Amino acid sequence: MFERLLVANRGEIARRVIRTARRLSIHTVAVCSDVDASAPFAREADEHHVIGEAPPKDSYLDVAKILDVAKRARVDAIHPGYGFLSENADFAEAVAAAGIRFVGPSPDTIRKVGGKLDARAIAERARVPVVPGSGAIGSVEAARSYAAEIGFPVLIKAAAGGGGIGMTTVESPEKVDRAFADAQKKGRTFFGDDTVYIEKLIESPAHLEVQVLGDGEGKVWVLGDRDCTVQRRHQKVIEETPSPRLDDATRQQMLSAAARLAEEAGYVNAGTVEMIHAGAGPDAGRFYFLEVNSRLQVEHPVTEMVTGVDLVEEQLRVAAGLGVTDGVRRPVFRGHAIEARVCAENPSKRFFPSPGQLGRVTFHEADHVRIDSGVESGSRVPPNYDSLLAKVVAWGDDRAEAIQRLSEALQNSEIQGVTTNVSALVDALRSEGFRSGRHDTGLLARLGYES
C-alpha cells in the first residue's frame, strides 16, 4: 500500500479520502486555496499546502502547483476525488510522467470514455442499448435536418459536456438554432471542445447508474445500481440503492450491460456507467446508455452502506496493484440506502447558490445515519465552488425505513448562516411521487421548485 497520498480536492470528498487513508496508515497531504486554509479537510490532513487564490484555475485546477507539492511532499499517489481534475486525462498523464500513481483509470481510458460520442461507440460495440442519436453535427443546418428526421422533442448536447452544461431540450424547429449555438459556446467555454450532437428525448426519464470496479487484473466487478432521478438543473440531489423502479430481470440486464461496456473500454479502478430509463412512451421500461464517469461518484456512500465495501480503499488497492477485497469479489447486498445532498442554495429562488459564513452547524446523529460533511460550525462557504455542504445518508431494512430515517435526520439537523435546500429535500422525500418509486427527473418542478 502507498505510504504518502496527496488529495487533489477539497470539502467533503477530501475529508472522505483522508478518513480511509488514515485508517490504512497512509500519510495524507492536502492542497488548498487560500480561502480553504483553515477548512476541516486541510486541518485533518497530516500536512496541507496553500497553492493559490480562491478561483479554481489558480488553485485546484493548477496542475503545475499540485505536482510541485506532490514532489516536495514525496507522495506515492494522488487521489483526485470528483470534479476538478478527476476526469482530466492530461492531469492523469502528468501525474504518471512525474513517477506518481494516479488513483483512477489510465489517461487513455479517461479519454476514451470521457467523450460522449466515443463512449457511445464503445457502448455499441459492447451491445449496450444507446439512445437514438447522431454523430457530431457540424452546422446548424445539419442540426435542423437531423432533429426533424428523428422527431421532436430532442436534446442538443455538447459532446464534451457534463453536469447538464451545454444540454438543452428542444421541442420545436424554431428553437434549434439557439440551442445549437448555446451548446457550441458552452462546450468551447467549459470544456475546450465545441462538438455538438443530438439525441432523442426520452419521455418521463429516470437517471440510473451502475457502480463498476476494474481490478487491474482483467476483471470488472459490479456493485449494484443506483437511482439518481431527483435532480435540479440536471444535477442529482437525492440518490438511492437499489433502484425502486427495476424488476429483477431488467436490473440484471443493466448490470450485465455495464460490465460489458467497462470490459470493452479496458476499465481499471472505480467508475460509473450511467443509464437513462424511459418511464413513458413507446420505450417505457427500457434503459439506454448515457455516459461513463471515470471517477468516484458523489453518491458512492449509498453503495458502501448496502455492501459494507469501502470504495476509496478499493481504489487505493487497485492503484497500488493489490487487487480488490473479498467484499468486491463476493458482495453481499443488505437493505436500502438513500443519500440527500445538502447544499448552500435557495430552493425558492431557482436553487441559486447561497455562500456565506456559517453559524452553528449540527447534523443529526443516529443509528444507520451517515454524515459526510465538508463544513462545521463557523466554516466559510466561498462562492467559488460547488454549493455542496454535506451528504446525509440513511440505511434501512427496506426503502420505507430508509426514507423515514433520512427525513428525520434532515429535519433534525441545524445549519445557520446560509440558506439551504433542506426544505426541498424533505418535500421530495415526503412526496407521493418519490414514495411510489415511479418519479422522474421532473419531480422537483412538479413540487413547485423552479430550476
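Ile165, Phe190 and Phe191 make up a nonpolar surface patch, with about 260 Å² of accessible area together. The model is predicted: local features need pLDDT of at least 70, side-chain atom pairs count only at pLDDT 80 or more, and totals for chains, interfaces and linings use all residues. Residues are numbered from 1 along each chain as its sequence is written, and side-chain values use heavy atoms, leaving out hydrogens and water.

**Surface patch**
- Patch residues have over 30% relative accessible area and no salt bridge; like charges are joined within 9 Å, nonpolar side chains (Val, Leu, Ile, Met, Phe, Trp, Tyr) within 5 Å.
- A salt bridge is a side-chain nitrogen of Lys or Arg within 4 Å of a carboxyl oxygen of Asp or Glu.
- Areas come from the Shrake-Rupley method with a 1.4 Å probe; for residues, only the protein chains shown count as cover.
- Phe191 belongs to helix α8 (residues 176-191).
- Phe191 is partly exposed, at a relative accessible area of 32%. Buried is under 20%, exposed over 50%, and partly exposed in between (1.4 Å probe, protein chains only).

**The sheet**
- Helices (H or I, at least four residues) and strands (E, at least two) are DSSP runs, numbered from the N terminus.
- An open sheet of 8 strands runs in the order β13-β12-β9-β10-β11-β14-β21-β19, with antiparallel pairing. Two strands pair if DSSP finds at least two bridges between them.
- At the edges are β13 (287-293) and β19 (369-373), each pairing on one side only.
- Neighbouring strands of this sheet are turned by 25° against each other on average, direction ignored.

**Strand β11 and its partners**
- In β11 (residues 235-241), 6 of the 7 residues are buried.
- β10 (residues 220-232) is antiparallel to β11, and 4 bridges join them.
- Gln231 has Lys236 as its bridge partner; Asp227 has Glu240.
- The β10-β11 hairpin has 2 residues between its strands, and Arg233 in the turn has a positive phi of about 55°.
- Another 4 bridges join β11 to the antiparallel strand β14 (residues 336-343). Here Glu239 stands opposite Glu339.

**Helices across the sheet**
- Contact means heavy atoms within 4.5 Å. Axes are lines fitted to C-alpha atoms, for helices over the stretch in contact; angles run from 0 to 180 degrees between N-to-C directions.
- Helix α10 (residues 300-307) lies across β9 (205-214), β10, β11, β14, β19 and β21 (388-396), at about 25° to β21.
- Helix α11 (residues 311-319) lies across β9, β10 and β12 (269-278), at about 125° to β12.
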